[in-house]
Amino acid sequence: MRVKFFVMVVLTAIFFIIGIAVASENQGAEKINFDGGNKGAIDFPHHLHQVAIGDCNACHSSFPKVEGAIKDLKEQKKLKKKQVMNETCIQCHKAKKKAGEKTGPTKCSACHVN
Ligand code: HEC
Ligand code: HEC
Ligand code: HEC
């Protein structure tokens with residue numbers, strides 16, 4: 001009996017800690033304005049995407065959850081210019097459009113707003 005109780009207390013504690021860790025993960029800024037090269041900066045609605053997509057890795061599999069990550073990786077030549085734009089942003093917007101779902105822009109000026 002005692003052992004079972006102890007195991008239950010420990011398991012409850014573990015789940016509680018995991019719960020807090022997940023809930024308190026840094027969600028990043030609601031809106032992020034980042035560098036879009038000579039085409040002009042991008043005003044990116046970050047939280048809107050978190051809600052619409054649900055999966056952080058839809059984007060963060062190609063760059064970490066760190067401010068300035070895309071710029072840094074491009075400078076280190078680990079990402080090509082326009083790679084995130086084409087393979088992540090525009091790819092998803094096109095796929096959703098094709099599927100007839102709610103989507104984001106594919107026109108240059110809709111993302112590069114300065
Ligand atoms: C649609 C793409 C996309 C999705 C989905 C996404 N993010 Fe981000 N996230 C970005 C971009 C773009 C940046 C800015 C990177 C940069 O500055 O180079 C960023 C930056 C961040 C940062 C760094 C702080 C900041 O505000 O710049 C954190 C933390 C972060 N994201 C957390 C998350 C979490 C947690 C999720 C899932 C719940 C998530 N993101 C989903 C695109 C996304
Ligand atoms: C869905 C949003 C979106 C659309 C639409 C879009 N871009 Fe981008 N663009 C980005 C993002 C995000 C970056 C920065 C990340 C990267 O370089 O992949 C970027 C970066 C760039 C860069 C800078 C590359 C560098 O490193 O110097 C150029 C130039 C550019 N875009 C041109 C264009 C042109 C031209 C169009 C229209 C044909 C266009 N973009 C449409 C999001 C977009
Ligand atoms: C996995 C799919 C997916 C990816 C990746 C993605 N988007 Fe989107 N985007 C969406 C969807 C879905 C919407 C429409 C959301 C809504 O209106 O509820 C949207 C909307 C937008 C809008 C319009 C927001 C508004 O207020 O109408 C912009 C700007 C945008 N995305 C930029 C970007 C940029 C820049 C990136 C890359 C860093 C990106 N998106 C990556 C799915 C995606």
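Predicted model: local features only at pLDDT ≥ 70, side-chain atom pairs only at ≥ 80, totals over all residues.

**Stop 1: the iron of ligand 1.** Select the iron atom of ligand 1 and look for its protein donors: they are NE2 of H46 and NE2 of H60, lying 2.0 Å from the iron. The iron has 6 donor atoms, the angles among them run from 85 to 179°, and the site is octahedral. Color by helix next: H46 belongs to α2 (residues 46–53) and H60 to α3 (residues 57–60), so the pair, 14 residues apart, links distant parts of the chain.

Is each histidine buried or partly exposed? H46 has 9% relative accessibility, so it counts as buried. H60, at 21%, is partly exposed.

**Stop 2: ligand 2.** Show the 23 residues around ligand 2; those that come nearest are K74, M85, C108, C111 and H112. Then pick out the polar contacts made by oxygen atoms of the ligand:

- K74: a side-chain N or O atom is 2.6 Å from a ligand 2 oxygen.
- V84: a polar backbone atom is 3.0 Å from a ligand 2 oxygen.
- Q83: here too a polar backbone atom is involved, 3.2 Å from a ligand 2 oxygen.

Zoom out to the helices: α4 (69–75), α5 (83–98) and α6 (108–111) each give two or more residues to this shell. The largest share, 6 residues, comes from α5.

Terms used. Residues numbered from 1 in each chain as written. Chains lettered and ligands numbered in written order. Heavy atoms only, no water. Near = heavy atom within 4 Å. Polar contact = N/O pair within 3.5 Å; in protein donor to acceptor, adjacent residues only side chain to side chain. Helix = DSSP H or I, 4+ residues; strand = E, 2+ residues; numbered from the N terminus. Donors = N, O, S within 2.8 Å, 3.2 Å for Na, K, Ca; no water. Tetrahedral: all angles 85-135°; square planar, octahedral: opposite > 155°, others 65-115°. Buried < 20%, exposed > 50% of the residue type's maximum accessible area, 1.4 Å probe, protein only.
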